[in-house]
Amino acid sequence: MGNEPPSTTAGSGFRRVVELVASLISLTLSIRVFAGKWQLIRTKLENLHSGLITGDAASLSGVIPAITGTVEECHELARRCVDLSYSGKLLMQSDLDVTLGKLETHLKKLCEIHRKNVLMHSYAVVVSKPCLGACKEDMRFYLRDLLTRMKVGDLGMKKQALINLHDVVVEDDKYVKLVVEVSDFVHLLVDFLGSHEVEIQEECAKVVSVVAGFDSYKGFLVANGVISPLIRVLECGSEMGKVGAVRCLQRLTQNSDNAWCVSAHGGVTALLKICGDSVDCKGELVGPACGVLRNLSGVEEIKRFMVEEGVVSTFLTLVRSKGEAIQVSATEFIQNIASGDELVRQMVVREGGIRVLLRVLDPKWICSSKTREVVMRAIENLCFSSFSSVSVLMSHGFVDQLIYYVRNGEVSIQELALKVAFRLCGTSEEAKKALGDAGFMAELVKFLNAKSFEVREMAAEALSGLVMVPKNRKRFVQDDQNIALLLQLLDPEEGNSGNKKLLVSILMSLTSCNSGRKKIVSSGYAKNIERLAEAEVSSDAKRLVRKLSTNRFRSMLSGIWHY
């Protein structure tokens, strides 16, 4: 050994002390006495291990002997505590305190060396990222390396460590659990959120956002003070930093328990400002900000504060924006905040909300079907609770928009438009007349044979309501195909049809019109009424037969039905 070159000797001593520290960390986990002291010692050992592995043998050669001696002494103390072979508690406590002091001294010395040497990338030992499926010890080893670089590295090293940390927590959930288990990690991340270095703040926000995506860790993050620095980032951070912070807050506030914490730190005001100054902002910031405010609005007192601060006007402006993500988020927020709250709903209507929503529904307005679906649902939820709102809808051409989407929309928006038309039909006689004038009855007839039972039911019920209006009845019977299809669907063997009771009800209404009664009787499918009357338990079809019982009809029935 005496003939070995100094570099070889330094290398072997370096490897030995690293192995000794790792072994000692494992040994301390089995100690059951002086638990508090050993927890402190274990934390120091973990930091020492991280400090060693991020250095190199040459730069650390001067401190290796002293560290090795302390670690060997500590190893002996650990063995005696495991075996309960120490001579007295007071003496052992004193020895443990001395060891803690020595470890602290070694850590300070390592930090000084790192600042002088390890900060130079050309001298730093880079620990490779473990492959997928690696054992926890390898993963923990890698994280300790990143933690050390974040603690003692220069700006570039800290940023790269955060980027690497983000990569692994996104790639494997196990890393997230390990990060949370190391209290120093979370404390350091919280500190980095308040960093004056924009790049550090941005990368840190990304990491915290990933951790916040796990329900079991949200409370831990909040307890460690993450809310306040996140809101400071919203107030004065970079654009990218704000995006990371708002996404994190959106995840944290999915738990309503955290709403008050966000509000207490001025989060509501900061979020409203972002949404109010959104003319030049991108949807990746404003969209999540809308999401946070939507989560917070579940607390009544916070919602009232938002309303007092002009949130309705702010979000109606956002609905008019060109960004679809912002439009969708803003519309959903307005719908949410007005749900079950008549005062807020009236405020939305009073500030022109209906006109704003109808503008997005205009077929000339360029947007996706998803956006139109969201707006259509918002109109349904906001505007059918009062006659005045329905009147505003009607006066701004809403019926024309509905008929357009029923005829030309994709299946999802088409069925949604049908549902809204069905609800509109039940609001007033004027609405029924308007729907009839727009040509809705012919479209409803087409849906009577749809695959969806719900669609068939809505179409039949809406049509039943429309033909109650005399003007609509006359218009309906003008098309022979309308009555023919109704009678075809009354075939008792027809399984995929609308509700036969509603169909009979429609036909009963049509018999009030002379031309309607004649067309029913003269139809080649008229016998389906008779067959249904014979087959069904209810008397609806029988009443319809009686209503149609003229001499001509009796002869058509060939005496099969007797009165």
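Visitor: In this predicted model, how many nonpolar, polar and charged residues are in the lining of the second largest pocket?
Guide: The lining is sorted by residue class, with Gly counted among the polar residues. On that basis the lining of the second largest pocket has 5 nonpolar, 6 polar and 5 charged residues.

Visitor: Which residues are closest to the centre of the second largest pocket?
Guide: This pocket holds about 290 Å³ of space. Its lining is made up of 16 residues, and those closest to the centre are N47, L107, C111, K151 and D184.

Visitor: Which element gives the most to the lining of the second largest pocket?
Guide: The elements with two or more residues in this lining are α2, α5 (89-118) and α6. The top contribution is 6 residues, and it comes from α5.

Visitor: What is the volume of the largest pocket, and which residues are closest to its centre?
Guide: The volume of the largest pocket is about 480 Å³. It is lined by 20 residues, of which the closest to the centre are R42, E46, R140, R144 and V182.

Visitor: Which element gives the most to the lining of the largest pocket?
Guide: At least two lining residues each come from α1 (6-28), α2 (35-53), α6 (136-152) and α9 (183-193). The highest contribution to this lining is 6 residues, from α2.

Visitor: How many residues of the lining of the largest pocket are charged?
Guide: Asp, Glu, Lys and Arg are the residues counted as charged. Beside 7 nonpolar and 6 polar residues, the lining of the largest pocket has a charged group numbering 7.

Conventions: Residues numbered from 1 in each chain as written. Predicted model: local features only at pLDDT ≥ 70, side-chain atom pairs only at ≥ 80, totals over all residues. Heavy atoms only, no water. 1 Å grid on protein atoms, 1.4 Å probe; cavity = no way out; pocket = protein on both sides within 12 Å on 5 of 7 lines; lining within 4 Å. Points joined across faces, edges and corners; volume = space filled by probe spheres on them. Helix = DSSP H or I, 4+ residues; strand = E, 2+ residues; numbered from the N terminus.
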